[in-house]
Amino acid sequence: MRNLPYVTSDGFDGLHEECGVFGVYDFDRNDVAPTIYYGLLALQHRGQESCGIAVSDTEGPKGRVKVHKGMGLVPEVFTADALNGLSGGDIGVGHVRYSTAGSSTRENAQPLVLNYIKGTLALAHNGNLVNTPELRRELEYDGAIFQTTIDSEIIAYHIARARVKAKTAEEAVGMAMRKIVGAYSLVIMSPRKLIGARDPFGFRPLCIGKRENAYILASETCALDTVGAEFIRDVRPGEIVCITRDGIQSDTSLCPKDGKAARCIFEYIYFARPDTRFDGVSVYHARLAAGRFLAKDHPVEADLVVGVPESGNAAAQGYAQESGIPYGTAFVKNSYIGRTFIKPKQKSRESSVQVKLNVLKESVAGKRIVMVDDSIVRGTTCGRIVGMLRKAGAREVHVRISAPPFLHPCYFGTDIPSEDQLIAHGRTVEEICREIGADSLGYLYLDRLPQMVEGLPVCTACFSGDYPIAPPTEDIRGEYAR
């Protein structure tokens, strides 16, 4: 298995978000591009590398699609002129993307738009397939020519090929789903339909909303709130929903009959916005619960509990509530720095943490601090933040992590590196504590995870090694990435 370099462009060793998908079908024939734009803004935390919108007029010439996409944040890619160029579409899909190393190109930006014998297909995908290499080789031997290096194109090809035999577009999606294996939430636009699909394990979120006479599909409920839509329900794991002028039709033939699912636990720990509900569970409440469990399982005498922004804040509040130690603010985050920024020289990597975070010295000087964060990957960032607190005058720094130790890589979309790059692999908690320079270290216990999400079935493979799907025999995460 090929080891992937795990060095983020900003020097952080933290995890990267998933992609975000958003789709609208407005039966009153209003322009959907502005709504998709604001929906993508709400999902910007899920991907800051590239973004795109594709729209179509359901009453216009069949197959005519307007698309605009590019590298960068949503407001950077979608200027007023760009949005004006997407006017006239009453159905559309959008996407924000983060990728692993080696596939950061405009060609890999989504939505993907395919013209084929039945018309036009626009697809936005969140997740990772595990059988990408064999599917790609199969298509290449049949003469397929690929324009991207992402597994999303493989999904689009299989839907397009199945559509030749299938009676409907949604039936073609179901035929493709029987071939692809892995994590995926899909939003697909055909000339007269908006289709949403979720893999049978439900790794990635997808929900349905409604605003007046328009239906919406989105990765997170916070995006529905942003555009003033009412949450209807989550798409079930394995379900295909088809939105037409006749309403919503559902195909549950691929839903697991035993109710078995494996939602990504890191949606609750880190990826999703705290104001999101994912399969009926509040992300904010899940993080509060994680903090409370940390306080019960790893108590310590201290003067102040602080969170590493943003995902550590809610868990820190939970720790403070359970322990009775006051909750406070120790870090000021530079809100104008994206997930990546350009550094003039490699040596400036050492200051990259402080470019994003600065310590409030008045808040921590002379105090015993409990610092709550969502995870430790390689350990370098955590160690630097501990050092920043000590430099600001903290007497003690006790680190609490609202997830178990990372021991295994993820193949379903989360950017967790190979085992030899994980600080927890082959080290005890005490050794990690010394490595990051903390006075004590406590992780969330593995058996707390189901309690944290109110008993919802979740995937914990990155902590336990218990993969719900057999991992690939070759490491595809850098080559075929979202």
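Mentor: The side chain of H398 makes a polar contact with the side chain of E396, at 2.7 Å. This is a predicted model, in which local features need pLDDT of at least 70, side-chain atom pairs count only at pLDDT 80 or more, and totals for chains, interfaces and linings use all residues. Residues are numbered from 1 along each chain as its sequence is written, and side-chain values use heavy atoms, with hydrogens and water left out.

Trainee: What makes the pair H398 and E396 a polar contact?

Mentor: A polar contact is a pair of N or O atoms within 3.5 Å; within protein, one must be able to donate a hydrogen and the other to accept it, and residues adjacent in sequence count only if both atoms are side-chain atoms. The H398–E396 pair, at 2.7 Å, is listed as such a contact between side chains.

Trainee: Why is H398 called buried?

Mentor: Buried means under 20% relative accessible area, exposed over 50%, partly exposed in between (1.4 Å probe, protein chains only). H398 has 6% relative accessibility, so it counts as buried.

Trainee: Which residues does H398 touch, leaving out those up to four places away in sequence?

Mentor: They are V300, E301, I369, V370, M371, D439 and S440. Contact here means heavy atoms within 4.5 Å.

Trainee: Where in the fold is H398?

Mentor: H398 is in strand β21, residues 396–401. Helices (H or I, at least four residues) and strands (E, at least two) are DSSP runs, numbered from the N terminus.

Trainee: How do you know that β21 and β22 pair?

Mentor: Two strands pair if DSSP finds at least two bridges between them. β21 and β22 have 4 bridges, in the parallel sense. Across this pairing, V399 stands opposite L441 in β22.

Trainee: What is the strand order in the open sheet?

Mentor: The order of the 4 strands is β17-β20-β21-β22, with parallel pairing. β17 (304–307) and β22 (440–443) are the edge strands, each pairing on one side only.

Trainee: Which helix packs on the sheet and touches β20 and β21?

Mentor: That is α13 (residues 380–391), whose direction makes about 150 degrees with that of β21. Axes are lines fitted to C-alpha atoms, for helices over the stretch in contact, and angles run from 0 to 180 degrees between N-to-C directions.

Trainee: How confident is the predictor in the protein chain?

Mentor: On pLDDT, the predictor's confidence in each residue from 0 to 100, the chain averages 89, and 90% of the residues score at least 70. Over residues 1–13, pLDDT stays under 50.
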